[in-house]
Amino acid sequence: MAISRNPTMWGVIGIEILFWLIGEAIICLFFSDKLFVSVGYSAGILTCIGLIISMMSSLENAVQYDKKRAIFKMRISASLRVVGVLIVAAALYYFQIANILAYVAALWTLKVAVYLQPITYKLLTKNTIKEGR
């Protein structure tokens with residue numbers, strides 16, 4: 001599995017990293033059990049980045065197949081991603097490694113990042129065009 005050169009994927013990963021930094025700052029300022037919450041949030045953000053890469057890889061591979069096989073492959077990869085998220089969540093909860101609510105909150109940042117991506121893309125390309133690149 002090669003990592004994509006798709007700028008959309010990298011844009012969403014960049015937004016996730018920004019959310020990671022903002023989230024960690026909020027955790028440091030407002031939470032008493034900083035390490036426990038921080039580990040949960042970090043695990044969630046890292047899971048999101050893994051999901052982004054997996055989704056992009058699945059999409060890029062799906063175009064190589066006919067419609068029926070592509071749909072089958074996409075369903076399998078989506079199912080594996082769900083199972084992976086559940087396994088990570090179960091491990092964090094069972095071993096009490098991290099705050100599971102912080103993990104879930106971090107998973108929601110993926111949805112926000114995907115919605116913000118077109119806006120950030122426009123802002124970044126607008127500045128690039130003005131600079132003449």
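Me: What is the volume of the largest pocket?
Reply: Keep in mind that this is a predicted model, and that the value here is computed from its atoms. The lining of the largest pocket includes Thr8, Met9 and Val12, together with others such as Gln117 and Pro118. For the largest pocket, the volume comes to about 180 Å³.

Me: Which helices each supply at least two residues of the lining of the largest pocket?
Reply: Among the lining residues are Ile52, Met55, Met56, Leu59, Leu110 and Val114, and of these Val114 is found in helix α4. Counting the helices that each supply at least two residues of this lining gives α1, α2 and α4.

Me: Is Val114 buried, partly exposed or exposed?
Reply: Val114, which is one of the residues lining the largest pocket, has a relative accessible area of 46%. Buried means under 20% and exposed means over 50%, with partly exposed in between.

Me: Which element gives the most to the largest nonpolar core?
Reply: This core has 24 residues, and Tyr41, Ile52, Tyr103 and Leu110 touch the most other members. The elements that give two or more residues to it are α1 (7-30), α2 (34-62), α3 (67-94) and α4 (100-131). With 9 residues, the element that gives the most to this core is α2.

Me: How far from Arg81 is the nearest side chain of opposite charge?
Reply: Arg81 is found in helix α3, and, leaving aside neighbours within four places in sequence, Arg81 is in contact with Leu51, Ser54, Met55 and Ser58. Arg81 is buried yet has no salt bridge. A salt bridge needs a side-chain nitrogen of Lys or Arg within 4 Å of a carboxyl oxygen of Asp or Glu, whereas the nearest side chain of opposite charge, Glu60, lies away from Arg81 by 12 Å.

Me: What distance separates the C-alpha atoms of Lys34 and Asn61?
Reply: Lys34 is found in helix α2, where it is partly exposed with a relative accessible area of 35%. Not counting residues up to four places away in sequence, Lys34 touches Ile27 and Cys28. Lys34 and Asn61 are 27 residues apart along the chain, and their C-alpha atoms are separated by 40 Å.

Terms used: Residues numbered from 1 in each chain as written. Predicted model: local features only at pLDDT ≥ 70, side-chain atom pairs only at ≥ 80, totals over all residues. Heavy atoms only, no water. Core = buried A, V, L, I, M, F, W, Y, C linked by side-chain atoms within 4.5 Å. Buried < 20%, exposed > 50% of the residue type's maximum accessible area, 1.4 Å probe, protein only. Helix = DSSP H or I, 4+ residues; strand = E, 2+ residues; numbered from the N terminus. Lys, Arg positive; Asp, Glu negative; His and termini not counted. Contact = heavy atoms within 4.5 Å. 1 Å grid on protein atoms, 1.4 Å probe; cavity = no way out; pocket = protein on both sides within 12 Å on 5 of 7 lines; lining within 4 Å. Points joined across faces, edges and corners; volume = space filled by probe spheres on them.
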